[in-house]
Amino acid sequence: MSAPDPAAIDALLARRLATGADPVLANRRGSVLFDLGSTGCWTLNLDRGSLTVRRGGTPVPSTVIRTDANTLASMLEGKDTGAASYLDGRIVIRGDLSLGLHLDGAFTAHRPPTHPRAHVVTPLGVRTTYIEAGHPSSPPVVLLHGLGATNASLLPLILGLAPTNRVIAPDLPGHGTTDAPRWRYNAAEYARWLSAFLRSVGVERTAVVGNSLGGRVALEGALAMPRRIERLVLLCPSPALRRFRQFVPVVRLLSPELSRVPVPYSHRAVKAGIRLMFSRPERLPESWYDAGADEFIRVMRDFRHRRAFFSSLRQIYVEEPFGTRGFWTRLRRIQTPALFMWGENDVLVPKAFARHVTSALPNSRSIVLADCGHVPQFELPEQTLALTQDFLAEEIAA
């Protein structure tokens, strides 16, 4: 298949930009450099609803997308998605990962319903961006990412579930491109936001899949909305600590306002931290770690998002495990069918929690994934997707 020439790329970009900016891009400012190798470079400029494109590069682009002319043409024509091309290695994204993903489908004239597209709503007054894929009439499933991550960390499940479900994956408050209000960021606040978010996207009843912090939010949502959340899939959810609580009094005294002072994150250190979350980091391409580190550093440049990150981290550590309001005490009240997946080599949420969950929720199901870390949807994507699909499709006895 011959590659489109520069004139053909010009025409495709011009045709798509003629449709204007969607609501998510209408609020964005920045530039995207499309590096097509030997075919040339194009720069897309975004200025709060104004979109322009020209041949050539730009000194400091917000996002760099490296691919080939055929792949870009396929995406612009609506035949393929940027998310799928990113996962299979046909495109590499550096810089503002969210901007790259929000472009996915934004300029396609006839995109199939399974193609991801970005939207924005304002539950509780919090401007919330989310990715949606799948037919609007399909059974809904909401995907919630972990602490310090974004909905990009759920891409394998977003694409995998889209053929059979209406998949909705928001950036949680304080994360990604969603606003970071001045909250305590405890589980109850997240659950209130989740309830309002479901109303905003027109979902009455849904399954919820959550990874890490997203799993904790999903559990709190099931406690607060037992009739609205029908099933839970928890991927290495972060529970209240049962041990190593000797520093809780000290941590309670630490103010999230301390995060006002910028922390000099190095790309190398952040990348090394991300790699620690995997049992075998070499399973993932280096470009994914680079993109993840870029995105974390970008988000943490904003004080409000730093405050949200450290507030959420603080709440995870200080949450009471037992007592009337304790996590493990309240967990026993959940009646929602739940599937827990734990990583055998997870350094953040040890697999030993499976035993405690089984004791608290004897009707739930726990699976320990062999040779897996904290992010099973990326480390073992096929197995995680298959287990999730089977559980969502399973008949549950009344």
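What we have is a predicted model, where local features need pLDDT of at least 70, side-chain atom pairs count only at pLDDT 80 or more, and totals for chains, interfaces and linings use all residues. Residues are numbered from 1 along each chain as its sequence is written, and side-chain values use heavy atoms, with hydrogens and water left out.

Let's start with Thr177, in the loop between strand S9 (166–170) and helix H6 (187–200). Helices (H or I, at least four residues) and strands (E, at least two) are DSSP runs, numbered from the N terminus. Is Thr177 buried or exposed? It counts as buried, because its relative accessibility is 15%; buried means under 20% relative accessible area and exposed over 50%, with a 1.4 Å probe and protein chains only. Leaving aside neighbours within four places in sequence, Thr177 is in contact (heavy atoms within 4.5 Å) with residues including Ser98, His102 and Asp171.

Those names come back in our next stop. Ser98, His102 and Asp171 are among the residues that line the second largest cavity. Helix H4 (residues 97–102) gives the largest share of that lining, four residues. A cavity here is a set of points on a 1 Å grid over the protein atoms alone where a 1.4 Å probe fits but cannot get out, and lining residues have an atom within 4 Å of a point.

Last, helix H15. Thr384, Leu385, Thr388, Phe391 and Leu392 are buried there. They cover an arc of only 135 degrees around the axis, so they sit on the same side of H15; the arc is that of the directions from the helix axis to the C-beta atoms. On the other side, Glu382, Asp390 and Ala393 are exposed.

Note on methods:
1 Å grid on protein atoms, 1.4 Å probe; cavity = no way out; pocket = protein on both sides within 12 Å on 5 of 7 lines; lining within 4 Å.
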